[in-house]
Structures are given as C-alpha cells and as structure tokens.
Amino acid sequence: MDDFDAEKAGDDRREETEMRWTRPLLITGLWLAAPGAHAQLLPAPAAGALNGVGQIVPDTLDRLGGIVDQSGLDRLSPARLADRLAAARTARIDALLRQHGDQIELDDRREPARRGIILLTGADAAAIETLRAAGYGVERIEAEGIDMAITRLTVPDGQSVARALRSVRKIAPKAQASADNLYFPSGAATEERSATLASYGSVGRGAAGLIDGGVAAHPALAGAIEQRGFVAGAPRASAHGTAVASLIGGYGSVQGAAPGTPLLVADVYGDDPAGGSSFAIVRALGWMAARGAKVVTISLVGPDNPLLAGAIRLVRDKGVMLIAAVGNDGPAAPPAYPASYPQVIAVTGVDGRDRLLPEAGRAAHVDFAAPGADMMAADMDGGRGKVRGTSFAAPLVAGRLMAGGSVEALRREAKPGRSKGYGAGILCDTCRNMD
C-alpha cells in the first residue's frame, strides 16, 4: 500500500458515517453497478450563496478523497478514479435531496430537478386546456430575447415529477416536456462567505456574458460589470462566479485572458436551494442575447434538457458564441451538458504540466483545452485563491475568443496537446496568475 492509499484508508476509518452500497450507485444520469463502492453521507452545509447546488460541490469533493490533490489523483488507477468520482457524485445528489427534498426531486431519468415543475414548449391550446382540467397549474412565459414561448406547469399535489412527465407526454405528445433540471458548477473555488456585490453600472453591446453565481466586488474587477438575478435572492456574490469572472476580464493582481472586458453577469443561484435550473439558465441566455452579448461562458454541468437545447440553438442563431466546461465527473461519466450541444464550444482543463486533469469529464466533442489547475483566481476577500476544475478553463477560452474575435483565431493560437482529448489544442497556457 503506497502513502496515498494508507492515508486514504485512515481517513475512511475516521469518518463518522459510512454507507456501503449493495445496489448500483446512482450517478447523475447513469447507474453504475459497483457493489463494492462506498459513498460518504455528508452533513448538510450551512445555507449561503449557491447553498443548495454549488456549495456542496467543493465540500463533497474535498472530503471524498482529496479531489484538489493533483498528486493523489494522478496516482489512482482509472478504475479507482472512476469509483472515487462516482462516490462524490452520489454523495452530492444525496446531500441535496436530504437537505432540500421539499424543493428538489429526481426526474424520470433520475436527474435532480426542481420539485413539482414541468417545462413545456410546442403545446397547442387544446393540450394546455386538457392539462389545466387535469389539475396542472399553467403559466405561460415568453423568454426575453429569443422569442421562446414556455409553459411552466405545476404538478398536481401528490404526484412526482417523474409520474407527471409520463402523463403530460400522453396529453401533449407533440410538445417537448422536461423537468426543470439542475446544473452544477464544474470546479471548486475558495470558501463561500458574505461579500459585497460588484456593481459598476450598465454595459454596452458586445460584452462577455457569464451565467453562474453573482460576482463580488474585487480590485481586479474594475471594468464595467452589470448583474441581474434569475432566481430568489439574486444577484448575490459567490466564490465560483467571482473566480470565473476574474479569469475573463481581471487585471492587476488577477490577470484574465481579456483584461478589462465588460461583463454581463446572470446569477442563476442566489439564495435558491434549487438554483442553477434549466429554466433560470434559459431566461439568462435570453437576457444575454437581448443585451447583445458577444460571448457567453457557462461553467455549469448537468443533463440534456430539451428546453435548454432549444434556447441554445436560438441564441446561437442570433450570433452569440457559447462556451461551456466539460465538468469534473471523470472520463467515465456520461457526456456533460451544455458542453455537449453542437452549438457550444466545449472546454477541458489541463494542469501546470499541460496534462489533462484526471477528473475532467467529457462531452460529445471537445474543442479546446486551457489551464484548470495549478492556478489562482480572485477570491471573496479581495485577494487570490487556488482554484481547480474545468470551470476555470472555460473563462480563459472565452477571454481569448473575446480578444481574437473568432474560433479560427483560437485555432491558430492553440498549442498542440500531448494526445487526443485536447481538441484543437491548449489556449492561454500562461494564464495562471501564479507569480
């Protein structure tokens, strides 16, 4: 047994509560037959920014085997790494359901979603009236900027979303029906804490867009920043959103890939335990399109969702370029979305030696790689902190796209990777703020 394995075994023995799964592990979008795997049941974190979704991510990953420890990950076999990441995904979802089961449930694909909500597009008037008569609450919404009509259904009392989806699809077979799925930040930033929200007035057309948590005031973020919330209690400053913003437009103590770039920030988390939902992201995308954003970064991952897929097509048709991280659930996990949509530039992460991060997920395609470890970004205290994850590679590619103006320019700039999996190559290889 090597030193890392011995330390891990000791940690396992010290854990207060351990559950050995004798049934398949529930992973986001995948059932993995792993009777010998185990998942730690974690105490619920304190409420705060990204309190239901984003805050659990770094806490869970840190306690389930030191995901932030690069040397430890590199020494794991592919099978053990897959088991470790699967356990982290399982614990993340379990913690969400235990802490916020009144607002979050699993849909018909076993994916986390907002409780009691179904999103519908393309339903005719007759189907809508039949649904209303069957006891569904009906709210018609026009998404700003993308001319998308959405029907938001409230499920009748006593029905699960999974059961209601089957009924809705029978009543409205020509419509697209989905749960309001949840999307997770794809990287661990510094600790969440209260901070002043960055507010530097409105920005003009051609800004970079960021769909994430809110962005805190920071000396490195003195360019124009405009923020808007799309859930309860938003906008609210978050560690993840602040770090990602600094890697796009920061300058001075934290140099971004396009220093001083004006930012449009859509906070899709706020104080909402079920924040980061597809409905919130779709509305944020519409706002970005209406405001003339040039490039939009989404460092969030989750399942395929027809409403989100449709919104992404409409936004891309308006000329907005979209960039998303492939996530940190490992190469054995299902492809992550929105990175897997063909209209989106999918970004993976590399470490300080230009190796692909062992925990980097996959997408249906990978277009570029950029630094995602051995790097610093803005923190909640006005300083800098270490970050890790594909979340922090995506904004670097967004910044270079803002600076270069086209995907073709990015391809010319990209440094070849070591093997397959880097897409067209590595961008912004020196953008680590480690000096």
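The protein chain holds 11 helices and 20 strands. The model is a predicted one. Of its 435 residues, 59% count as buried. Among contacts between residues at least 6 apart in sequence, 72% join residues at least 24 apart.

**The parallel sheet**

Seven strands form an open sheet with parallel pairing. Their order is β12-β13-β11-β14-β16-β17-β18. β12 (225–229) and β18 (368–371) stand at the edges. Each has a single partner strand, so one side of each lacks a neighbour in the sheet. Neighbouring strands are turned by 25° against each other on average, direction ignored.

One of the pairings joins β11 and β13. β11 covers residues 208–212, and β13 covers residues 263–267. Five bridges link the two strands in the parallel sense. Asp-212 has Asp-267 of β13 as its bridge partner.

**Helix α8 on the sheet**

Helix α8 (residues 278–290) lies across β11, β12, β13, β14 (295–298) and β16 (321–325). Against β13 the helix runs at about 160°. α8 has 13 residues. From first C-alpha to last, α8 reaches 18 Å, close to the 18 Å expected at 1.5 Å a residue.

How many of the 13 residues of α8 are buried? The count is 11, so the helix is largely enclosed by the rest of the structure. Among them are Phe-279, Ile-281, Val-282, Leu-285, Trp-287 and Met-288. The buried set also includes Ser-278 and Gly-286. Just after α8, Gly-292 takes a positive phi of about 75°.

**Helix α7**

Helix α7 (residues 239–249) is mostly covered, with 11 of its 11 residues buried. His-240, Thr-242 and Ser-246 are among the buried residues.

Asp-354 lies in the loop between β17 (344–350) and β18. Is this residue buried or exposed? At 10% relative accessibility, Asp-354 counts as buried, because the cut-off for buried is under 20%.

Which residues does Asp-354 touch, not counting those up to four places away in sequence? They are Lys-415, Arg-418, Tyr-422, Ile-426, Asp-429 and Arg-432. With Lys-415 the link is a side-chain to side-chain polar contact of 2.6 Å. Tyr-422 is 68 residues from Asp-354 in sequence. In space the two are 9.9 Å apart, C-alpha to C-alpha.

**The disulfide**

The chain has one disulfide by count. A disulfide is a covalent bond between the sulfur atoms of two cysteines. Here the pair is Cys-428 and Cys-431, with sulfur atoms 1.8 Å apart. The torsion about their S-S bond is about -70°, so the disulfide is left-handed. Cys-428 is buried at 9% relative accessibility. Cys-431 is buried too, with a relative accessible area of 14%.

**His-100**

His-100 is found in helix α4 (residues 78–100). The residue is buried, with a relative accessible area of 9%. Its side chain makes a polar contact of 3.3 Å with the side chain of Gln-99.

The table collects the accessibility values for these residues.

| Residue | Relative accessible area | Class |
|---|---|---|
| Asp-354 | 10% | buried |
| Cys-428 | 9% | buried |
| Cys-431 | 14% | buried |
| His-100 | 9% | buried |

**The β19–β20 hairpin**

Strand β19 (residues 375–378) runs antiparallel to β20, and four bridges join them. Ala-377 has Gly-385 of β20 as its bridge partner. The hairpin has five residues between the strands. In this hairpin, Gly-382 takes a positive phi near 85°.

β20 spans residues 384–387. In a regular strand the side chains alternate between the two faces of the sheet. Which residues of β20 are on the covered face, and which on the uncovered one? Gly-385 and Val-387 make up the covered face. Arg-384 and Lys-386 make up the uncovered face.

How values were computed
Residues numbered from 1 in each chain as written. Predicted model: local features only at pLDDT ≥ 70, side-chain atom pairs only at ≥ 80, totals over all residues. Heavy atoms only, no water. Pairing = 2+ DSSP bridges. Axes fitted to C-alpha atoms, helices over the stretch in contact; angles between N-to-C directions. Contact = heavy atoms within 4.5 Å. Expected span 1.5 Å × (residues − 1). Buried < 20%, exposed > 50% of the residue type's maximum accessible area, 1.4 Å probe, protein only. Polar contact = N/O pair within 3.5 Å; in protein donor to acceptor, adjacent residues only side chain to side chain. Disulfide = S-S within 2.5 Å.
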